[in-house]
Amino acid sequence: MTKPASYWRWLIAINAAIMIAGIAIKVTRALPSLTYIHLLVDYHFGFIKRGLIGELLSLVTSKVSPWMVFALGGATIVVTLLLYLKLFQKTFGFSERTLPLFVLIVGSPMFFKNFINCIGYFDIYGCALAIVLLLIPAESLAFVAFAVAGSIVLILIHHIHMLLYIPTVAAIVIVRYFLLRPVSRTQIAAALVLAALVPAAFFYMQFAATMHISREEFGAYLAGRMGGHGPETKALAFMFIWYQTLAGEIATTRLFMPRNLAVSWFYVVLLALHAPLIGYFREVIRSLASPGHRRIVLMLLGTITLGYGIIFATVYDYARWFSSWSVCMILMLHAIKQLPAAEEARPIATDDKLAFTLASILAFLPRVGITKPF
């Protein structure tokens, strides 16, 4: 008789095949535009938003080819996946007992499958930083300083990280540095001073690091940075992003909001398909030894969710934001598991037929999407 664990291993193979197919389709059939122009923009005209990656590329090459979107994006996905596998091993271990949990997390269309669909976008850098912070020691202020420095780099890459992943980074620091050991008032004060650098960097990027040249001059410079003058010149249509104001972004989001809300039921369905994983998450929180820790954890999860609520009201890539919020919840699961527990949370059983059925459905979903589902 076939053991239930073997069926879960088949789901791992199916998910891996779909991920590989997703990368192949993106590389062979997708022509990058929005993601391509982000690699062209650097600090040639001064310090501006979303220019760090392009500036780093400008140090090694004067021309940027479209294939660099896939090379850089693909390498980042592979490194992040390897880091996550190490994190899963550290938190849960790889065994027959943890197979269902592993399949439900890594096979989720909201995690690496959607990172593949969004290859070239900068969301994954926030995920990578959070994973590193969950892996490295958190025994001194150097841990806080590293988190702050990493958060500022995220803002330089894209200022939306201030609400996208930085709240999760902050929550990980709170859990791993402040809740796992006694800290002095001096350490708390020093950490707060360091943390203040992050919103300072964000407000500078949001309101000071703006474009001060004409669109014509900007477009001519970007065209000169391109590796060719074929279809990739369509990327220049996205120049307006660097001239977009916060008020303009909100107005555009309001314009698209009715259409996006009309398909919001799909996100509810996706959450329902993750019911076993959500149930396990609830069990992990319930099993915490300290009621104070439970209250703080719930507050942190609420704060992260509030940040995404603000993003939803500001920028209309709803499918991306929903997926990134889900990733942040998964990362918080790893952080919470490091807190002292009164008892071990009951794992998802390998012979749980409902969990396997839901995981099988998720396995065949290739992604969530960018602005709207699929």
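Reader: What makes Arg 320 and Asp 123 count as buried or exposed in this structure?

Author: In this predicted model, Arg 320 and Asp 123 are both buried. The word buried is used for a relative accessible area under 20%, so each of the two residues falls below that value.

Reader: Why is the contact between Arg 320 and Asp 123 called a salt bridge?

Author: The N to O distance between the side chains of Arg 320 and Asp 123 is 2.6 Å. The cut-off for a salt bridge is 4 Å, between a side-chain nitrogen of Lys or Arg and a carboxyl oxygen of Asp or Glu. The pair is within that cut-off and therefore counts. Arg 320 belongs to helix H17 and Asp 123 to helix H7, so the bridge ties together parts that are 197 residues apart in sequence.

Reader: Which residues are linked with Arg 320 in a network of salt bridges?

Author: Asp 123 and Asp 317 are linked with Arg 320 in such a network.

Reader: What makes Asp 42 and Arg 225 a salt bridge?

Author: Their side chains meet at 3.7 Å, N to O. Asp 42 sits in the loop between H2 and H3, while Arg 225 is in helix H12, so parts 183 residues apart in sequence are tied together. Asp 42 and Arg 225 are both buried.

Reader: Why is Glu 343 called partly exposed?

Author: Glu 343 has a relative accessible area of 41%. Partly exposed covers the range between the buried limit of 20% and the exposed limit of 50%, so Glu 343 belongs there. Arg 286, with 44%, is partly exposed for that reason as well. Glu 343 and Arg 286 form a salt bridge, with their closest N and O atoms 3.1 Å apart.

Reader: How do you know that Val 60 is exposed or buried?

Author: The relative accessible area of Val 60 is 68%. Exposed means over 50%, so Val 60 is exposed. Val 60 lies in the loop between helix H3 and H4. With Leu 56 and Leu 59, Val 60 makes a nonpolar surface patch of about 340 Å².

Reader: What makes the largest cavity a cavity, and which residues lie nearest its centre?

Author: A cavity is a space where a 1.4 Å probe fits but cannot get out. The structure holds one cavity of 30 Å³ or more, and the largest cavity has a volume of about 180 Å³. Its lining has 23 residues, with Phe 115, Cys 118, Tyr 121, Asp 123 and Ile 124 nearest the centre. H4 gives the largest share of that lining, five residues. By class, the lining of the largest cavity has 15 nonpolar, six polar and two charged residues.

Reader: What lines the largest pocket?

Author: The largest pocket, with a volume of about 1100 Å³, is lined by 46 residues. Arg 50, His 158, Val 315, Asp 317 and Arg 320 lie nearest its centre. The lining of the largest pocket divides into 26 nonpolar, 14 polar and six charged residues.

Reader: How many residues in the lining of the second largest pocket are nonpolar, polar and charged?

Author: The second largest pocket has a volume of about 440 Å³. Its lining has 19 residues, and Ile 166, Ala 170, Ile 174, Ala 195 and Val 198 are the closest to the centre. The whole lining of the second largest pocket has 18 nonpolar residues, one polar and no charged.

Methods. Residues numbered from 1 in each chain as written. Predicted model: local features only at pLDDT ≥ 70, side-chain atom pairs only at ≥ 80, totals over all residues. Heavy atoms only, no water. 1 Å grid on protein atoms, 1.4 Å probe; cavity = no way out; pocket = protein on both sides within 12 Å on 5 of 7 lines; lining within 4 Å. Points joined across faces, edges and corners; volume = space filled by probe spheres on them. Helix = DSSP H or I, 4+ residues; strand = E, 2+ residues; numbered from the N terminus. Nonpolar A, V, L, I, M, F, W, Y, C, P; charged D, E, K, R; others polar. Patch = residues over 30% accessible without salt bridge, like charges linked within 9 Å, V, L, I, M, F, W, Y side chains within 5 Å. Areas by Shrake-Rupley, 256 points an atom, 1.4 Å probe, with all protein chains shown as cover. Buried < 20%, exposed > 50% of the residue type's maximum accessible area, 1.4 Å probe, protein only.
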